[in-house]
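Please open the structure in the viewer and keep the sequence at hand.

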Amino acid sequence: MLRFCYQRFWGTEKAFLLGLIAFPVLVGSGCRTPNAVSPPSSPPSTAPGNALPSHSAEETRARLAVQAELAPEDPDAALRLALFDRDHDAVPQAEQELKAIHAHFPASAEASYQLGSLYLNLGHPEEAAAPLLAAAAREQGRAEIQVLAALACFRLDRSAEAERYARAALKVDPNNAAAYLLLARVYSSHGTAAQSQAAIQEYLKRASDPAPGYYLLARMYYRQADAANAERALQRALQSDADNGDYWALLGHIYGDLNNGARLTEAITAYKKALALKPHDSEVHASLGRALMRGQHWEEATGELRLAMQSAPDPGPLLYSLGHSLLRAGHSDEGRSALNQYQAYQEYIRSSARLKGAIKANPQDRESRYALVRLCLRYHQYGAARATLNAVGPLGRKETAWQKLNKEVETALSPHDGPDFQ
């Protein structure tokens with residue numbers, strides 16, 4: 001059975017919530033633990049004495065489908081089928097089923113909860129927020145729903161709401177470790193270090209897995225440039241979870257950034273351990289590349305920076321390091337080309353900042369958005385062009401200008417399988 005676990009991490013530029021919440025309990029199970037949200041278990045059968053493991057997945061699903069068909073006004077029957085599909089890797093089908101249940105039974109807190117949980121786990125907090133907040137309003141006595149509502153708000157940078165829902169969870173369950181971890185993250189971004197550290201200590205008192213708390217504590221000390229305490233906290237996290245690539249990446253930052261180069265070799269080793277666990281992480285490839293540059297390992301650094309650019313959401317800033325690494329490695333033409341591209345990237349950033357300011361000042365002005373799309377196309381920022389077009393409302397999408405630009409973006413993206421600014 002597939003288990004979904006919320007493990008959203010942030011590197012130096014991203015926030016994190018390691019192991020905050022497991023997927024919610026199944027409907028009808030009658031098992032809601034007070035201290036954390038339970039992971040999923042096999043869907044219960046409505047037939048007494050029926051042992052589902054004796055049947056194949058196909059047979060079990062067929063039985064659940066019949067039960068849902070025979071009870072069209074029973075949301076629990078339909079939910080059992082949807083959650084069975086979710087737990088057996090049929091996530092797109094489960095999404096459609098949960099959306100249908102949510103629409104047909106708008107007063108069902110469980111349907112809202114499960115739909116929002118699915119979207120949150122898939123990384124779509126915008127879609128998760130509405131159903132989760134609706135479920136939280138209907139089921140104020142379920143701490144796990146309040147925590148998930150808080151998490152959705154946090155990921156949307158709605159910190160005040162995130163704090164409110166986390167505190168609502170603690171009002172129901174004062175020992176809810178996940179709520180304390182979330183409060184710590186909220187305070188880390190929008191409060192004080194003292195508030196965040198106090199919440200972490202409350203989490204550590206209650207958590208069965210202390211590693212996420214120590215990781216957050218290490219991040220706090222890292223931001224304060226306190227190398228000794230950052231390393232000490234992170235080593236505690238690694239004692240509990242030595243196979244976490246994000247922990248090794250942070251250790252690389254601690255060694256490489258806070259020790260004036262004295263522990264550069266240890267930083268490189270830590271980054272390589274992180275990549276053994278997360279081989280496609282562009283941020284770690286970039287960090288390793290820059291550490292190798294500091295160690296004057298130019299060819300190896302160039303390779304890592306190229307790998308970083310392949311999957312980086314915005315590879316433009318990497319062009320500066322790549323260009324200099326290529327030059328020092330003896331690849332003069334490639335190095336100069338990369339630096340020229342970096343100069344073009346800087347021009348794009350300056351020009352796009354002006355247009356983004358105009359859009360912010362007048363969100364209804366579609367002409368500024370279209371100008372930004374044209375700028376993105378000129379500088380081969382195809383992903384940014386598509387995101388800008390997608391932000392235009394339904395009415396704007398009927399305009400000839402939008403349709404023409406959309407066709408240009410799709411044409412540019414169709415053969416485009418590498419990073420922008422290559």
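Select Asp333, which is exposed at 59% relative accessibility (exposed means over 50% relative accessible area, buried under 20%, and partly exposed in between, with a 1.4 Å probe and protein chains only). This is a predicted model, in which local features need pLDDT of at least 70, side-chain atom pairs count only at pLDDT 80 or more, and totals for chains, interfaces and linings use all residues. Residues are numbered from 1 along each chain as its sequence is written, and side-chain values use heavy atoms, with hydrogens and water left out.

Arg336 is partly exposed, at 45%. Both residues belong to helix 17 (residues 332-361), three residues and about one helical turn apart; helices are DSSP runs of H or I with at least four residues, strands are runs of E with at least two, and both are numbered from the N terminus.

Next, select Glu399 and Arg366, joined by a salt bridge of 2.6 Å, N to O. Glu399 sits in the loop between helix 19 (382-390) and helix 20 (400-413), and Arg366 in helix 18 (residues 366-378), so the pair ties together parts 33 residues apart in sequence. Glu399 is partly exposed at 26%, and Arg366 is partly exposed at 28%.

Finally, select Arg61, Asp85 and Glu97, which salt bridges link into a network.

Note on methods: A salt bridge is a side-chain nitrogen of Lys or Arg within 4 Å of a carboxyl oxygen of Asp or Glu.
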